[in-house]
Amino acid sequence: MGEDGWYLDGIIQLSKYDVDTESVNGVKGNTDGYGFASSIEFGLPLQMLEDKSISFEPQLQLAYQQMHFDKFDDKRNGTKFSEVDIKNQNRILLRAGGRLEN
């Protein structure tokens, strides 16, 4: 936290996925995957009144997320029906907001 009350906050998250699927017709599949997410947020509380009874804190956040899954075959009784490819997922989020506090 800075001298003027500003802050910078960040996170990093790693995830591992083990996915089992089964349709209503008994077709099954299994795949593995991983995920990565990171976020950084900046805020600065501003006093709105001289007695400091109300403050407004503008905030700005940038987040990134990626997910990747291996290709897999869906099967029933050992018979392959199709190859399933869950495409890589990449997302970027920019959030601007604020908090009013008294």
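Two residues are in contact when heavy atoms of theirs lie within 4.5 Å.

The structure is a predicted model, in which local features need pLDDT of at least 70 and side-chain atom pairs count only at pLDDT 80 or more, while totals for chains, interfaces and linings use all residues. Residues are numbered from 1 along each chain as its sequence is written, and side-chain values use heavy atoms, with hydrogens and water left out.

View 1. Strands are DSSP runs of E with at least two residues, and they are numbered from the N terminus. Leaving aside residues up to four places away in sequence, Gln 66 touches Tyr 34, Gly 35, Phe 36, Gln 89 and Asn 90. Gln 66 and Asn 90 are 24 residues apart along the chain, yet 4.5 Å separates their C-alpha atoms. Is Gln 66 buried, partly exposed or exposed? Buried means under 20% relative accessible area, exposed means over 50%, and partly exposed lies in between (1.4 Å probe, protein chains only). Gln 66 has a relative accessible area of 22% and is therefore partly exposed.

**View 2. The aromatic pair of Tyr 17 and Phe 69.** Rings of Phe, Tyr and Trp (its six-membered ring) pair if their centres lie within 6.5 Å; planes under 30 degrees apart count as stacked, over 60 as edge-to-face and the rest as tilted. The protein has three aromatic pairs by this rule. In one of them, the ring centres of Tyr 17 and Phe 69 are 5.5 Å apart and the planes meet at 40°, so the pair is tilted. This pair links distant parts of the chain, since Tyr 17 belongs to strand β1 (residues 7-22) and Phe 69 to strand β4 (residues 55-69), 52 residues apart. Because its relative accessibility is 26%, Tyr 17 counts as partly exposed. Phe 69, at 12%, counts as buried.

**View 3. The chain as the setting of both close-ups.** The protein has seven strands and zero helices (a helix being a DSSP run of H or I with at least four residues). Along its principal axes, the C-alpha trace spans about 75 × 25 × 15 Å. The radius of gyration, taken over C-alpha atoms, is 23 Å, whereas a compact globule of 102 residues would have a value near 13 Å (2.2 Å times the number of residues to the power 0.38). Of the 102 residues, 21% count as buried. Among contacts with a separation of 6 or more, 60% join residues 24 or more positions apart.
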